[in-house]
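Please take a moment with the model below before reading on.

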Amino acid sequence: MHGYGGGSYGLNEPRSLRERARQYALLPLRIFLGVTFIYAGLDKLTDSAFMAASGDGSIGQLMEGVRDTSAIPALVDLALKSPEGFGYAIAFGELAVGLGTLVGLWARLAALGGALISLSLWLTVSWQTEPYYYGNDLIYLMAWLPLLLAGAAEFSADAFLTSRRRRNR
């Protein structure tokens, strides 16, 4: 069996603390992003004011407010064609991404979805934030990239399914 450090280890040989830390390094990030995106999706779906085309706290009001300061006004215009539809798409997208990430099912695809949601929100909603590092959507975008590259190797449905496929061969 090959360890992450390039050495080979027998099945019963102990691994160093550093090797274990490396093995589980992305797990806290995966839990945080999964729980956060589930919460964000549920929060939107249960907020009737948010899921409205207009009014205080609505997705429509938010999109109108950022239209002229976004990096891509055409993306905001597209959302404004159906603010409720856009709100539901974002909410269900966040929910699916969060669940996939937390469970580790199709983890790279979930991370891609999370990165795309974060990118679209950064280019629209938080684009005008100054200095740029105060905008949380850019930070979320960067947080998704390690999961997009590495997937969910530990405590995941993906790892379970891969192990099961290998046993069945």
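What follows is a walk through this structure, beginning with the chain as a whole.

The model is a predicted one, and its protein chain is built from eight helices and zero strands, so that reading along the sequence gives the pattern α-α-α-α-α-α-α-α. The radius of gyration of the protein chain is 20 Å, whereas a compact globule of 169 residues would have a value near 15 Å. Along the principal axes, the C-alpha atoms occupy a box of roughly 65 × 35 × 25 Å.

Turning to contacts and surface, 65% of the contacts between residues at least 6 apart in sequence join residues at least 24 apart. Of the 169 residues, 36% count as buried, and the protein chain exposes about 10,300 Å², of which carbon and sulfur atoms supply 63%.

A search of the whole structure finds eight aromatic pairs. One involves Tyr132 and Tyr133, whose ring centres are 5.5 Å apart and whose planes stand at 80°, and because an angle over 60 degrees counts as edge-to-face, this pair is classed as edge-to-face. Is Tyr132 buried or exposed? With a relative accessibility of 55%, Tyr132 counts as exposed, because the cut-off for that class is over 50%. Elsewhere in the description of the rings, Phe32, Phe37, Tyr140 and Trp144 together form one aromatic cluster.

How values were computed
Residues are numbered from 1 along each chain as its sequence is written. This is a predicted model: local features need pLDDT of at least 70, side-chain atom pairs count only at pLDDT 80 or more; totals for chains, interfaces and linings use all residues. Side-chain values use heavy atoms; hydrogens and water are left out. Helices (H or I, at least four residues) and strands (E, at least two) are DSSP runs, numbered from the N terminus. The radius of gyration is taken over C-alpha atoms; the globule rule is 2.2 Å times the number of residues to the power 0.38. Buried means under 20% relative accessible area, exposed over 50%, partly exposed in between (1.4 Å probe, protein chains only). Contact means heavy atoms within 4.5 Å. Accessible areas come from the Shrake-Rupley method with a 1.4 Å probe; for residues, only the protein chains shown count as cover. Rings of Phe, Tyr and Trp (its six-membered ring) pair if their centres lie within 6.5 Å; planes under 30 degrees apart count as stacked, over 60 as edge-to-face and the rest as tilted.
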